[in-house]
2 protein chains.
Amino acid sequence: MKKDALDAIALSVRSLSMDAVQAANSGHPGLPMGLAELGSALYGEVMSHYPGDPNWPDRDRFVLSAGHGSMLLYSLLHLSGYKVSLDDLKNFRQVGSITPGHPEYGETEGVETTTGPLGQGISNAVGMALAESKLEHVFNTDTHKVVDHYTYVIAGDGDMMEGISSEACSLAGHLGLGKLIVFYDDNHISIEGDTALAFTEDVEKRFEAFGWQTMSGDAYDTENLFKMIEEAKKDATRPTLIRLRSVIGKGSPNKAGTAAVHGAALGEDEVALSKRELGLDENEHFYIHPKAVEYFENRKKELERQYKEWKSTFEEWAKANPELKKLWDRYFDSSIAEARKELSLPAFEKGEKIATRKASGAILQELAKAIPNLIGGSADLAPSNNSTLEDWGNFSAEERLGRTLHFGVREHAMGAITSGIYLHGGFRPYAATFMVFTDYMRGSMRLAALMGLPVVYVMTHDSIYVGEDGPTHEPVEHYAALRAIPNMRFIRPGDAEETAEAWMMALEHEEGPTVLSLTRQKLAVYEKADPNWRENFRRGGYVVKATDGRPDVVVVTTGSEVSLALEAAEKSKRTVQVVSISDRELFEAQDESFRERVIPSGVRTVVAEVGVLQGWEGYVQSKEDLFGLNRFGASGKGAEVAAHLGYTAEGLTKVIDR
Amino acid sequence: MKKDALDAIALSVRSLSMDAVQAANSGHPGLPMGLAELGSALYGEVMSHYPGDPNWPDRDRFVLSAGHGSMLLYSLLHLSGYKVSLDDLKNFRQVGSITPGHPEYGETEGVETTTGPLGQGISNAVGMALAESKLEHVFNTDTHKVVDHYTYVIAGDGDMMEGISSEACSLAGHLGLGKLIVFYDDNHISIEGDTALAFTEDVEKRFEAFGWQTMSGDAYDTENLFKMIEEAKKDATRPTLIRLRSVIGKGSPNKAGTAAVHGAALGEDEVALSKRELGLDENEHFYIHPKAVEYFENRKKELERQYKEWKSTFEEWAKANPELKKLWDRYFDSSIAEARKELSLPAFEKGEKIATRKASGAILQELAKAIPNLIGGSADLAPSNNSTLEDWGNFSAEERLGRTLHFGVREHAMGAITSGIYLHGGFRPYAATFMVFTDYMRGSMRLAALMGLPVVYVMTHDSIYVGEDGPTHEPVEHYAALRAIPNMRFIRPGDAEETAEAWMMALEHEEGPTVLSLTRQKLAVYEKADPNWRENFRRGGYVVKATDGRPDVVVVTTGSEVSLALEAAEKSKRTVQVVSISDRELFEAQDESFRERVIPSGVRTVVAEVGVLQGWEGYVQSKEDLFGLNRFGASGKGAEVAAHLGYTAEGLTKVIDR
């Protein structure tokens, strides 16, 4: 790539970014102006992608982890030929535009993930690189490489400060994800001022400690930049960090290099001065250098050639390897419709006592056989979460075919990496830990919900019945907190049979993530009064125990409290109907007749769930009919903790009989 | 300390830990057995503390960040003379005991913080060391040192993997907290197996990158251990990491060095074999070596001498520096009763338009004058959070007297450090960021609630009115998610005047943390119908707008929706009473007559809050009267986003008038 073309593109990026932010009078001109050259190099030459098919499976992935610099990405998507028009740029940060304040997955072609909350993008990218390395080993043959691409990331100081990136990058180094290349925008400026206020660590050294290859250079020495990228690619066994010393807001004569240019429009005057400084006409807005246009016209042809070359390689490969091609189609179809045909889930005996986490483990083994692209693991709690895919080996630096992931004690990164694996394409990933540690990974879970990614969170040890580990390990508020997240499914099965249905609900739900809430303690598999219980459970809930005629009381429960309610119903002097709700939100979305069959109106309702009952208030006529828990747990044997807190069948019976 | 005494203590720790875990048939023998020598060295010689006064302000602090190894701590507290009896050890992990599964602050004398969720303790310790360094500079004189102690931490592999510890330790290095000494228990074992499964980074090198002094040695070479600790203390400008190569479960012939000994009792047989290996009588339980008893009897006298010496120094100092002594009393009285006398909060004009975050900033300046030990800061959003103490300088490596903390983009560590500052004693700390990033710091917020620490979280940009930054930065589910945490206060003031009351509520509440939910957007200061509104706001809520006679509709609102409701009330054809709820839980805790005066029963109620309305269901007769938001936000101008989502005064009026 010739320097004049690169300069023309960089100039255009600066011009577009300044003007778009100014037009919105909101946004972050600092990063796009500071890294215009890097962006131009990536989209102009380094990256193998094809604007004509943004979903090309073998494209290089680009993640703007410093998502506030979105105008860098939008400018480059526009210039390089994606469906981002000049009008879209002019509508930056406006309602309904495809150029929102931070890049949003699904809103804009060419945006690989939603970024903004710092540290998430770079951690997603670790998942993407992991997915790539795995697909390489599953599908490439000696004669055909159908998977062979890089994941590029731009990360800022904030990304580097967030703990999640340390977690993810430590794991990336451990796993030797050599095709991950991160550019660290070392501009010395954070919102509160110079990064020296709070951040003086040696970032390169830290990444070396993580096992990365590291380099550094001037962000504007483009010749050296290309060399460093070549160097980065040569090392196939280590991810690379390229630290670029840059000037935030470069091009603005009065604000460059200051916190003032980070997160606010330059102001009309400074935009004019900047344009003058850059040799632009200050009266022209959204200027694009003709050489940039010309360059990308040619570049697009070259990229089309690369794309078509891949296509023909892929066709040859498919012809030569029909079984692999079939497998490819399974991998790249996120639906599990095919799998259902082969799937035989384990059967459980009525009365059998088995923790739902354990049932989940057994189910998972069967799912793994039928769903070849199901991969996942735990944040170092696999034996407790029952989340290991037992017959399929560990994924590691040495063995890319293994399907069990070992995330280490890194819940937050686990969440983001799992999302990244899904975003890359090719997999149905899951992540497991104790439910209480969803608190550590909420940042990444929220983004999965926002993006609508069908990842599965296997959250075991879901209540005070955890017992001896005590209140630090006992979820109480987590049902409420997780249900509150829009587009997050929360399913709490009551026994092993329901757990199987819950897994199917999670895998068949393609519009967003699902939390499976599973017990540590054993629960008996119970008789179900409803002959269509499986179907109805999947619709949100069903009648576990019916009464002859109209019941006195309906006890609405979830998870382990179904058993508790069945016991209480036996003890009660009233006639009691017991209902198991799988997913409250889904239940509420059903039509009235369905809901009425499960919870008949006009009958007194009691809700029993061993946690904060926020959101159940509408189900009862009196607060006294809410049998929940409004305090932290305690350490002791599970049953004794429950007794200590009054959370027993007797306690529930009293509420029913009051 | 002689080796035979140390060995006798270590032997006793192993014996007590094995037996206690076996008796509970639950717990973690691996760490106490692996680090028995280190624990013995710390409690036997290194640490300056005094079991006779566990709250001695100048004691060394000890944090068992790897909280699962609680029997190490309990054994040593027992041996060294704290109020932990042999019976307490025998009741390990039982309901009602003072020896819960993980150490809990407030339950057991000598436990400095609640640990268990990994990474929290080490991050609390950074806060403690920060507090110590600050107090040194505030109170010590050339002739008297009344503050001069160390913070010691035991951290495991899990602590090292968690991102929060990277955040906290990077900041500790930056701030040069030289009196922080962390022992890293490098035992190569995690729950899923060898740490090599997921964790192969060079930890020492990472800490060097953070600016720490690092050393390493064998956990059982105690002579060298003492030397390293001396070495660590010599460097006053850098925190120290001492990596100790250890054997998990040392003493167990068949399980030492394996994951099997991490988190489960050894089993009767292996306990017996271990005792034999250690030269103990396998039939004797909870054995304590007589030399250990004898040693600690003498040690206690020596510690008493140190304690009394400090007391007399303190008295001399107090006599020589009466003003400083007065200040000391203010610092170490967490109540703000004294401050109230001097405090004059800013007044706001009715009709004045001011964002509550901005009002909060103005209030904070006045609070800072009256409350000398109020310190805090933001995770790099201070200009947006209005959280800087403007006249009081920055706390830094060079300037310990500064009161504004710069946490960097490290929300999770900020939470834990803030708790650590409070736990140390001497301060009333606060922490600020955008509300959406409470997702990043929930782990530490939950522990603050569990411990009952009165820290204040200043959470600005509290809704979709954030606007242009888009859904990644717009809280929607956060009111529900934060209210769900037991013992967490959540206050959402509606204008500048209410913001002042909210701050006072937060500071006067000494039993737990408070979240202040503050707006980005401007809000007019409104007239309040209730003449006692200040008092009633502090009790949970009051009538902002009353009607002549009984209203048709009561609109129950919080925060920015009070203004919306006032506007809607004007537009409505009905007579409307508008209520501002400060803290829903507090309101619900009031007696019926209070609640009835605010929300009269029998009148139709509408709830308006611009988020997920989980938990408000009990206030309305019909779900259609819940005017909330059940989806993520969007990017655009705040008002346009609201309009796009139908969240307008017109929308609310329709609900009122339906």
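Modeller: A salt bridge here is a side-chain nitrogen of Lys or Arg within 4 Å of a carboxyl oxygen of Asp or Glu. The model is predicted, so local features need pLDDT of at least 70 and side-chain atom pairs count only at pLDDT 80 or more, while totals for chains, interfaces and linings use all residues. Residues are numbered from 1 along each chain as its sequence is written, chains are lettered from A and ligands numbered from 1 in the order in which they are written, and side-chain values use heavy atoms, with hydrogens and water left out.

Over all chains, the structure holds 96 salt bridges. One of these joins A:Glu508 to A:Arg340, with N and O 2.4 Å apart. A:Glu508 belongs to helix H20 (residues 496-508) of chain A and A:Arg340 to helix H14 (residues 337-342) of chain A, so the pair links parts of the chain 168 residues apart. Helices are DSSP runs of H or I with at least four residues, strands are runs of E with at least two, and both are numbered from the N terminus. Both side chains are partly exposed: A:Glu508 has a relative accessible area of 32%, and A:Arg340 one of 40%. With a 1.4 Å probe and protein chains only, buried means under 20%, exposed over 50%, and partly exposed in between.

In chain B, B:Glu112 pairs with B:Arg59, the closest N and O atoms being 2.7 Å apart. B:Glu112 lies in the loop between helix H5 (86-90) and helix H6 (120-139), and B:Arg59 in the loop between helix H3 (36-46) and strand S1 (61-64), 53 residues apart. Here B:Glu112 is buried at 9%, and B:Arg59 is buried at 8%.

B:Asp462 and B:Arg492 also form a salt bridge, at 3.0 Å between the closest N and O atoms. B:Asp462 is in the loop between strand S12 (456-460) and helix H19 (478-483), and B:Arg492 is in the loop between strand S13 (489-491) and helix H20 (496-508), 30 residues apart. B:Asp462 is buried, with 2% relative accessible area, and B:Arg492 is buried with 0%.

Some bridges share partners: A:Glu132, A:Glu136, A:Lys145, A:Asp148 and A:Lys179 are joined in this way into one network.

Other salt bridges cross between the chains. The rule finds 12 across the interface of chain A and chain B, including the pair A:Lys205 and B:Glu208, whose closest N and O atoms are 3.4 Å apart.
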